[in-house]
Amino acid sequence: MEEVPYKLFPAFVQRKTWRSIYAFIDQSVQVTDELKEDWRRAIDFMRAELGNGFFTTARIDHPLSHLMGSASKAEVEYLVRWVNTLIHLKTNPMSYAVLMDKLRSSTKCRPEGMPFMEIALSFSMPDLHVSFIPESKEAGIKTPDVMVKNTVTGENLFVEVSRVNDAAERAKQTDQYHAILKVIDRNGFDLPMAGALKKYLNEEEFDETVRDIKYLKEACWRDQSMVSIINHRIAIAFSTNGSFSQLEEWCIQTGYSRGFSGLSVNFNDIHRIVDRGRIADKALQIPKTETGLLYFPVQALFLLFSDPFELIESLQFPLSKQPHIFGVVLFAEMKGSLKKDVYMDCRDFIYSVSTDERHYTRETIFVENIAYAGNLSSEMQYAIRKSIA
């Protein structure tokens, strides 16, 4: 019997609207009526700050869209705490304007706005006040991002935030893999397949590979048999349901698995922070007469594939060259991590892994500068360490 071809159509993610969020609150059975009122007030505030057209103009993957998609009790409680912190920050209009400019932006929110809010949440202690510093408009004038003031002692801590994004080479490899995978999945028929990308392709090789994939899929369906190609760029095979046994045999013979694999990726990026002078560069943002803290949000995979103690040891030497820097923080958060909770508080570092009720795992490494020569009081140093992890 002749097979029936299956064509796949892309699924589209439905954009949120303020109306859909309010409807979701009304329908929720996960939270108490009292928490629902707090939830509504939080959404009311966000709607007033972001505007009625926010979900229309913002990218669909905007972090605030995800934040306001709360569902469980723990997620709603986190949202309410997050918004209450934002409401408190609004009491300083100039500082608040800096923060909101980053939070509203589809390009600035993830690398800058959300880390700024993480700092505000972390330092939310009675005696600490967080403010965000406008960038200087004068050429050559460097300014830190955040100031944390101890209202009891009068001491200030200046924080410079610098997100460690994906390496450019790795990002290009990832983009190319997804572009090829899109052709495999969406061009023509939905067919069983196996294979792997073997190298990063230049523009000509990429175009040839796409043509090869399209031709193979058409030939597979036309001839109702398995087809394959193996060269220095790619190894790939397609089959129909009737010729699936041939695809299984091809996998056994070649060693390739079902599905399509990309290039192996190295996520250990310690050298990108240590060897490329990132600490010295970011320390320049903080006046030598002040005490600074360097705050590096990183990808969860960075910490997953890095030895934390190797990282701590590697950071100590370049940090010791900056006596006005109290320390450096590396932080990542992910949902569904398999890492077990741990807390190590030693003299010159803190290493922490903690999972909250939302099932988000936060991994933090704080390395204190053993050569710090500033004059922060022991009370302020204790408050900083307590706030970080």
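Mentor: The model is predicted, so local features need pLDDT of at least 70 and side-chain atom pairs count only at pLDDT 80 or more, while totals for chains, interfaces and linings use all residues. Residues are numbered from 1 along each chain as its sequence is written, and side-chain values use heavy atoms, without hydrogens and water.

Trainee: How many of the 14 residues of helix H7 (residues 109-122) are buried?

Mentor: Buried means under 20% relative accessible area (1.4 Å probe, protein chains only). H7 is largely enclosed by the rest of the structure, because the buried residues number eleven.

Trainee: At what angle do helix H2 (residues 33-50) and helix H6 (residues 93-104) pack?

Mentor: Angles run from 0 to 180 degrees between N-to-C directions, with axes fitted to C-alpha atoms, for helices over the stretch in contact. The axes of H2 and H6 lie 11 Å apart. H2 is therefore roughly perpendicular to H6, a term covering 65 to 115 degrees. The packing angle is about 90 degrees.

Trainee: Which residues of H6 make the contact with H2?

Mentor: Contact means heavy atoms within 4.5 Å. H2 contributes Phe-45, Glu-49 and Leu-50. From H6 come Tyr-96, Met-100 and Arg-104.

Trainee: In S6, which residue is the bridge partner of Gly-195?

Mentor: Strand S4 (residues 193-197) and strand S6 (residues 234-238) run antiparallel and are joined by five bridges. In S6, the partner of Gly-195 is Ile-236.

Conventions: Helices (H or I, at least four residues) and strands (E, at least two) are DSSP runs, numbered from the N terminus. Angles under 35 degrees count as roughly parallel, over 145 as roughly antiparallel, 65 to 115 as roughly perpendicular and the rest as oblique. Buried means under 20% relative accessible area, exposed over 50%, partly exposed in between (1.4 Å probe, protein chains only). Two strands pair if DSSP finds at least two bridges between them.
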